[in-house]
Amino acid sequence: MLKYNEAQKFKVFLKKKSNQIRPENILRLEAQANYTYVYTKSGKFIFAKTLKSFETTLDSAQFIRAHRSHLINKTHVKSASSKGQGLVLKLESGIEIDVSRRRQRKVRKFFASI
């Protein structure tokens with residue numbers, strides 16, 4: 001279970017223990033139906049929440065929807081490069097995320113500030 005509080009932290013409840021995740025420690029979020037995998041520096045967590053619900057909660061100046069199944073933390077993007085007619089974001093972890101055609105213009109504009 002994940003809860004957002006005013007101090008810009010998320011509470012993660014795992015096996016009756018409470019941990020906190022700060023948004024800046026989130027590398028990316030990936031949708032799988034009505035579940036979302038949250039990838040952090042310390043591991044991967046799965047939540048029974050849609051990616052859309054995370055998107056509305058997280059700061060839109062820090063996170064961008066690159067694809068219908070990916071929400072990316074801007075601070076952990078190493079590079080953005082063209083691939084054919086598409087765009088690919090390479091994260092610090094080495095993961096490459098393809099940007100959907102529909103979102104390319106918005107993503108390019110978003111990363112123009114890097």
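Which residue in E8 does Arg28 stand opposite? Ile72. I'll come back to that pair in a moment.

First, the ground rules. This is a predicted model, so numbering starts from 1 along each chain as its sequence is written, and local features need pLDDT of at least 70, side-chain atom pairs count only at pLDDT 80 or more, while totals for chains, interfaces and linings use all residues. Side-chain values use heavy atoms, with hydrogens and water left out.

Overall layout. The protein has 2 helices and 11 strands. Those are DSSP runs, numbered from the N terminus: helices are H or I with at least four residues, strands are E with at least two. Along the sequence the pattern reads β-β-β-β-β-β-α-β-β-β-β-β-α.

Now the sheet. It is open, built from 5 strands in the order E6-E5-E4-E8-E7, with antiparallel pairing. Pairing here requires at least two DSSP bridges between two strands. Strand E6 (43-47) and strand E7 (63-67) sit at the edges, each with a single partner, so one side of each has no neighbour in the sheet. From one strand to the next, the twist averages 20°. Axes are lines fitted to C-alpha atoms, and angles run from 0 to 180 degrees between N-to-C directions.

Back to the opening pair. Strand E4 (residues 26-32) and strand E8 (residues 70-73) pair in the antiparallel sense over 3 bridges. Arg28 faces Ile72 of E8.

Next, two loop residues. His76 lies in the loop between E8 and strand E9 (77-83). Its relative accessible area is 6%, so His76 is buried. Buried means under 20%, exposed over 50%, partly exposed in between, with a 1.4 Å probe and protein chains only. What does His76 contact, beyond its neighbours within four places in sequence? Glu24, Ile26, Leu27, Lys41, Leu91 and Glu92. Contact means heavy atoms within 4.5 Å.

Ser100 is in the loop between strand E11 (96-99) and helix H2 (104-111). Buried or exposed? Ser100 counts as buried, because its relative accessibility is 17%. Apart from neighbours within four places in sequence, Ser100 touches Ala66 and His67.

Last, the totals. Of the 114 residues, 39% count as buried. Among contacts with a separation of 6 or more, residues 24 or more positions apart account for 33%.
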